[in-house]
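Colleague: Please show me the model, and then we can go through it by question and answer.

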Amino acid sequence: MRDFVAKTAIGGSEPKRDVVGTLTFQEREDVALASVSARLGQEETVKAKLQTVCGIPAPDAGRWEKGETSSLHWLGSDQYLCEEAFAGPLELARRMETELAGIASVTDQSDAFTRIDMTGQGATGLLQRLTVLDVEQMQAGAFNRTAIHHVGCLLRCNEARTDFSVYAPRSYAISVHHMLIEVARAL
């Protein structure tokens with residue numbers, strides 16, 4: 001039997017934290033993600049149920065909503081990404097699947113994406129070099145798909161100009177992290 005060693009998406013034994021100038025980057029391994037797609041004809045029922053299950057309304061296009069223990073992100077028409085603190089493998093997805101049985105399709109995304117939080121002055125300047133989004137105009141609550149270094153990512157604005165979260169595909173986490181750090185060093 002081999003001795004396997006668990007590593008984070010960026011390759012460390014602990015979530016990676018980098019400070020470059022005024023910017024701080026924090027890999028987050030403590031979140032669970034599940035995508036929710038409403039089935040045909042169940043769109044409004046799913047929205048109402050998400051309000052009950054998550055305690056927050058389903059977000060409008062290009063937005064995310066934060067509740068006490070959950071957050072919901074708009075992924076597309078009648079599609080949402082639910083995020084909570086990690087409580088165990090598949091815990092969130094199974095609970096959402098039970099709550100939304102027959103009206104939505106739920107898929108665990110916890111190991112599909114890696115969240116990298118980026119805070120500090122200069123975050124806007126960094127993102128302007130890496131994405132086509134008008135990040136200078138993004139306000140808290142904005143959530144969009146974009147490409148960062150040719151990798152499809154999700155970008156969440158937590159606080160205008162200074163606090164963003166990048167959701168990178170786990171298989172590209174090292175590349176996206178590397179590019180964020182390299183551009184931060186060049187600012």
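Colleague: Which residue in β8 is the bridge partner of Phe-25?

Modeller: This is a predicted model. Strand β2, residues 23-28, pairs with strand β8, residues 113-119, in the antiparallel sense over 5 bridges. In β8, the residue bridged to Phe-25 is Met-118.

Colleague: Which strands stand at the edges of the sheet, each with a single partner strand?

Modeller: The sheet is open and has 6 strands with antiparallel pairing, in the order β1-β2-β8-β11-β10-β9. A strand with a single partner has one side left without a neighbour in the sheet, so the edge strands are β1 (17-20) and β9 (143-148).

Colleague: At about what angle does helix α4 run to β1?

Modeller: Helix α4 covers residues 173-186. It lies across β1, β2, β8, β9, β10 and β11. Its angle to β1 is about 20 degrees.

Colleague: How many disulfides does the count come to?

Modeller: A disulfide needs two cysteine sulfur atoms within 2.5 Å. For Cys-82 the nearest cysteine sulfur, that of Cys-54, is 3.9 Å away, and Cys-82 is in no disulfide. Cys-153 is in no disulfide either, with the nearest cysteine sulfur, that of Cys-157, 16 Å away. The count of disulfides is 0.

Colleague: Is Cys-153 buried or exposed?

Modeller: Buried means under 20% relative accessible area. Cys-82, at 0% relative accessibility, counts as buried. Cys-153 has a relative accessible area of 2%, so Cys-153 is buried.

Definitions and conventions: Residues are numbered from 1 along each chain as its sequence is written. This is a predicted model: local features need pLDDT of at least 70, side-chain atom pairs count only at pLDDT 80 or more; totals for chains, interfaces and linings use all residues. Side-chain values use heavy atoms; hydrogens and water are left out. Two strands pair if DSSP finds at least two bridges between them. Helices (H or I, at least four residues) and strands (E, at least two) are DSSP runs, numbered from the N terminus. Contact means heavy atoms within 4.5 Å. Axes are lines fitted to C-alpha atoms, for helices over the stretch in contact, and angles run from 0 to 180 degrees between N-to-C directions. Buried means under 20% relative accessible area, exposed over 50%, partly exposed in between (1.4 Å probe, protein chains only).
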